[in-house]
Each structure stands twice: as structure tokens, then as C-alpha cells.
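Me: Could you take a close look at one part of this model for me? I would like a connected account of it and of what surrounds it.

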Amino acid sequence: MNTVTHQDAAVPESAARAASPQSVTRVVRLLEALCASSEPVSLADLSRRLATPKSSLAALLRGLADEDFVIAAEGSWRLGPGAFGLGSALTEARRRLQSSDLIRDGMRRLCAETGETVLFAVGDVQGDQLTYVDMIESRNVVRYSVSVGDRRPLYATAGGRALLATCSPEAVESYLRRFEAEAFTPATLVDPLALGEAVATARDQGVAQTVDQAAEGVTGTAAAIRDAAGLVLGALVVAAPTPRAQHRLEDLAVRVRKEAVDISRSLGFR
């Protein structure tokens, strides 16, 4: 049932520049660009793709070549054995660290940031309902709470709409034709056309929000989580009492969307 219950050492300047966050980010983006290409890539092409000066990239490529992460090939660059060795090690590490742990870590972060209850929901095989499979409960005296295992219809929940937004237009149309709407509250959206527009908005914005839809006084904000293959694992949901959430809807949307992206990246999705 839904419930709302009451080492301090000097570092040379050159070394500091080499280890700057910007340099680290450029190395990652550089390796990602080479991963995405089936052919060696020229320095000029890498510079255009990454919007980075060729001089900066050349220095990074020389450093990566020293460790066999990249190899020069007739004026262009490709991944080297060092990169593939690291990739294998990372794959094994991710296998040891199960996805559920990574998702739950993100749920804890989001709960700490928002102060609200955070849920993880998965869709059923038929694609008509979702099930809450994990929860980090808010410490606020007044908070939203459900039981793990509770099921809800997709149309009346933020998590459900976030999941629908990942489906093909044809799948959404099929759902809208067959769903049997029940008005849980005076605000529940039961018109198929209006619901279709809400799902389209969630798809465009990468986040879904509902206010007083499945239960009065409850606001939900949700975004989908994907794995390395791009498959949708479920929806990350923040559920909050509407009086506390109504003045921070945009902030909640930004935080949920960002955390869903971060969790998906930790699972290998790019």
C-alpha cells in the first residue's frame, strides 16, 4: 500500500597539468573515439571529433603509445594491446560487481541528495504494469513508502511512463489501445491521447513526472536505466509528498535524470 508517514607534497606544475581532470577526461574520450571506429583515425579527425587542439591530443597519444594503449598506423591511430588488456580486466571487474549493487549505490546517492524515498521499478513481460523491486526510504518523518513487490499500472506512475517512453511508437500505441484506465484520484490521467502526449514528453525530456496520479499527495519523478547493451533494466524513481515536491519539480527532474545517466554509464551504457 502507498503510505505517507509521519598527503601534502609539492607537485611540479607540469605534472599537475598532465594529471588535470581535463586531461583525464580527454584520455577517456580519446579512447572512446578509437573504440567506436573500425579503422585507424587520423590526428586531424580526432581533433574534429573531440573539439580538442591537435597539439593537446598529440601529447596524450604519445603517452598512451608508451603504454601500448594506442598504436600509430600510417599517420593514424588505433587501439593497442594495452587497451584490450584493460578492457578485459574491466569486463571481469564489472562481472564481479553485480549491476544490482551499482544501481543501489546510485539509489543511495539520490536519496541523500533529494531527501526523498528512491525506488527501482521493473516492467512486467506483458508491458502493462511495473513492480517495485528495491527501495531506499527517506528519513523524513513525512515520507512516501511502498512495499517491495508492490505492482502498479504503467499509465499512472512516473516509473511506468519512463518505461513506456523507451518503447517504440508502435508499442506505445498498442498499449494505449488496450490499457484499461482507472481513476485512482481526481487527477489521474485516463485519456489515451493525453497519456500519449505525456509519454512523448517523457521521451523528449529523458524523465517522467506525475503529480497525484496513482495516489493523492504523491509526486513521482523517474528515468530509465540501461545496461551496456542498451537494454532497459528498469526505472529509477524518486517519490515524495506532493506538498514538499511541488516547488522543486525541475530540480528533482534534473537530479533523477543525471543519476539515471550516471548509473547507466557505470553499467557500461554509452
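What is the volume of the second largest pocket, and which residues lie nearest its centre?

Reply: Happy to. This is a predicted model, in which local features need pLDDT of at least 70 and side-chain atom pairs count only at pLDDT 80 or more, while totals for chains, interfaces and linings use all residues. Residues are numbered from 1 along each chain as its sequence is written, and side-chain values use heavy atoms, without hydrogens or water.

The second largest pocket has a volume of about 340 Å³ (the space filled by probe spheres set on grid points joined across faces, edges and corners). A pocket here is an open set of points on a 1 Å grid over the protein atoms alone, with protein on both sides within 12 Å along at least five of seven lines; lining residues have an atom within 4 Å of a point. There are 18 lining residues, and T166, G206, A223, A224 and R226 are the ones nearest the centre. By type, the lining holds eleven nonpolar, three polar and four charged residues (Ala, Val, Leu, Ile, Met, Phe, Trp, Tyr, Cys and Pro are nonpolar, Asp, Glu, Lys and Arg charged, the others, Gly among them, polar).

Helix α9 (192-205), strand β10 (218-226) and helix α11 (249-266) each supply at least two lining residues (DSSP runs numbered from the N terminus: helices are H or I of at least four residues, strands E of at least two). The most comes from α11, with five residues.

Now follow α11 to its partner, α6 (residues 99-114): their axes come within 10 Å and cross at roughly 160° (axes are lines fitted to C-alpha atoms over the stretch in contact, with angles from 0 to 180 degrees between N-to-C directions). The two helices are therefore roughly antiparallel (over 145 degrees). Their crossing is right-handed (the near helix is turned clockwise from the far one by less than a right angle). On the α6 side, the contact (heavy atoms within 4.5 Å) involves L102, I103, G106, M107, R109, L110, E113 and T114, and these face L252, R255, V256, E259, I263 and S266 of α11. Together they divide into seven nonpolar, three polar and four charged residues.

Strand β10 leads elsewhere: with three residues, it gives the largest share of the lining of the largest cavity. That cavity has a volume of about 140 Å³ (in a cavity, a 1.4 Å probe fits but cannot get out). Y132, Y144, T157, A214 and V218 lie nearest its centre.

Definitions and conventions:
Parallel < 35°, antiparallel > 145°, perpendicular 65-115°, else oblique.
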